[in-house]
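Biologist: Could you take a close look at one part of this model for me, and then walk me outwards from there?

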Amino acid sequence: MLRQVLQKIVPIANAATQRNLGITAVVHNQDPIQQLFLDKIRDYRNKSQNGKLVDATPESEASLKEVLGNLERAFGAKGVDMTQFPTFNFTEPALVWPGPSAQEKAKIKEAVEAERKAEEKRLLEAQADSAKYDPFEGF
């Protein structure tokens, strides 16, 4: 019986060990390109102070000023900091029922009632005209 229990436990423990080894192998593996990328990001953060360009030449700063001036003239953004990400203010729209309002319903009801009365009047006039006409007159 002990043998049967061990035969069932050993494959489960073996699979768990393989899975753990597979996960830890990735953790211990150091990617040199990833490490270089992180080092450059940290270096850039240390070099860029107060939002200034890193290792900027006078020509590149003049070019930046020219481009920002063109943007100010093109979009009428005098005095706006074009290097900052814009802020958006969204307001919830007022929800309006798409159907007719109470006033519109009343107008529609009045128009329907007027049309019904006009139709009744035409029917009464048609009945009165038909009563005047005698198809057997003259026989």
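Modeller: Happy to! Let's start with Asp55, which is exposed at a relative accessible area of 65% (exposed means over 50%, buried under 20%, partly exposed in between, with a 1.4 Å probe and protein chains only). Asp55 sits in the loop that links helix 2 (32-47) to helix 3 (58-75); helices here are DSSP runs of H or I with at least four residues, numbered from the N terminus. The phi of Asp55 is near 50 degrees, a positive value in a residue other than glycine. Most residues other than glycine have a negative phi.

A word on the basis: this is a predicted model, with local features needing pLDDT of at least 70 and side-chain atom pairs pLDDT 80 or more, while totals for chains, interfaces and linings use all residues. Residues are numbered from 1 along each chain as its sequence is written, and side-chain values use heavy atoms, leaving out hydrogens and water.

Now to the aromatic rings: the structure holds 2 aromatic pairs. Phe85 and Phe88 pair edge-to-face, 6.4 Å centre to centre with 80 degrees between the planes. Phe88 and Phe90 form a stacked pair, at 6.1 Å and 20 degrees. For these terms, ring centres of Phe, Tyr and Trp (its six-membered ring) must lie within 6.5 Å; planes under 30 degrees apart are stacked, over 60 edge-to-face, and the rest tilted. Phe85, Phe88 and Phe90 make up one aromatic cluster. Phe85 and Phe88 are exposed, and Phe90 is exposed as well.

Technical notes: Helix = DSSP H or I, 4+ residues; strand = E, 2+ residues; numbered from the N terminus.
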